[in-house]
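Thanks for coming. I have one model to go through, and I will keep to the geometry.

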Amino acid sequence: MGEFSFNVGSIPVSGNLGVRYVKTSQSSHGVAVINGENTPVEAKRDYNDTLPSLNLVAELTPDFLLRFGAAKVMARPGLGSLTPGVTVSVSGGARTVKGGNPNLDPIRAKTYDFAAEWYFNEASLLSVGLFYKDIDSFAQNTNERRAFNTSGLPDSVAIDLGASPDDDFSFSVPINTPGGALKGAEANYVQTFTFLPGKFSNFGAQLNYTFVDSKIQYMTSKGDNSLKTDLTGLSRHSWSATLFYQGDRFSGRVSATNRDDYLIQVPGTEQGFTDDVHGQSGNTFVDASLRYKLNDKMELSLEGTNLTNEPSQTWVGAGSQLPLDYSETGRVYLVGFRYKL
């Protein structure tokens, strides 16, 4: 990495330019069924990545900055996705066969970011950012429902788990897809209310809003193109708001976070929805925390999460959103005591 700085007229510009070379050596171990017998298997592979990056900062005024960043990035799949073996599970009505893919490539992308930041007061910020990510490869879990006895695994595996070989199981295997484009914008507002009198000046607020639009190409379990839709786990709109108080002894905050509906499986696995999507309803969570310093060494704390007991609901079908699962986790309260030696 090399750092640099120069002036464009009267505007100071600084930044860095660098490159990373990454070599990955991978060895995966698992158990596969070969000719009806459990057989230990091992898969090895190597791959390389060259990842350049550029960061620029233009200081239009001491309090107003423009930032630009560009980079190639990669993220390796989770270790559980790389096993060459399979895992069979039966839990109530949930029957799954999960296999790994030791040849799964990492998620690779080219990213571009631009942001304007205005530090308008002490410990205060107003910023707006734009981002674009060209995802070259994406790791997707394919799912299909079929009878266990079509898997090539011994029928005894299902029987030992209390299921019938004729029962339908959900077969899941991770594969790489062509990826797609992701773009969006983000706005942040942070301010301490130092303009207020007395202890009211210890209050402050944090606000955030994010918009994301994505088009990812998904695949079927046979490797054919399926739907081209939003990235799984990603809400189009999300926001958060926090009101905080920071005093010498007492501090506290209350926060609300909200997100739109998002997808959790593409394509869907439920009967009649294998050419549609499986999603999660959006929700709003409210959390709060209080802390009080008894002295320099002792502190009491009280935290509460999901104070409104917000439910969680999954659905199938982008248009109909037929309910699939509904759950409530309840409110959680934590009382703590900290002592510093």
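His278 stands opposite Val316 in E19. Before I go on: this is a predicted model, in which local features need pLDDT of at least 70 and side-chain atom pairs count only at pLDDT 80 or more, while totals for chains, interfaces and linings use all residues. Residues are numbered from 1 along each chain as its sequence is written, and side-chain values use heavy atoms, with hydrogens and water left out.

Strands here are DSSP runs (E, at least two residues), numbered from the N terminus, and two of them pair if DSSP finds at least two bridges between them. The pair I opened with is E16, residues 278-280, and E19, residues 312-316; three bridges join them, and they run antiparallel.

On to the next pair. E19 also pairs with E20, residues 322-327, again in the antiparallel sense, over five bridges. Val316 stands opposite Leu322 in E20, and Ser312 has Ser327 as its bridge partner there. This hairpin has five residues between the strands, and in it Gly317 takes a positive phi near 90°.

Put together, we have an open sheet of four strands in the order E15-E16-E19-E20, with antiparallel pairing. E15 and E20 are the edge strands, each pairing on one side only. From one strand to the next the twist averages 30°, with axes as lines fitted to C-alpha atoms and angles running from 0 to 180 degrees between N-to-C directions.

Now the pocket. E6 gives the largest share, five residues.

Last, which residue does the side chain of Thr242 contact? Thr242 is in strand E13, residues 237-246, and is buried (under 20% relative accessible area, 1.4 Å probe, protein chains only), at 12%. Its side chain makes a polar contact with the side chain of Ser255 at 2.9 Å; the criterion is a pair of N or O atoms within 3.5 Å, one able to donate a hydrogen and the other to accept it, and residues adjacent in sequence count only if both atoms are side-chain atoms.

How values were computed:
Buried means under 20% relative accessible area, exposed over 50%, partly exposed in between (1.4 Å probe, protein chains only).
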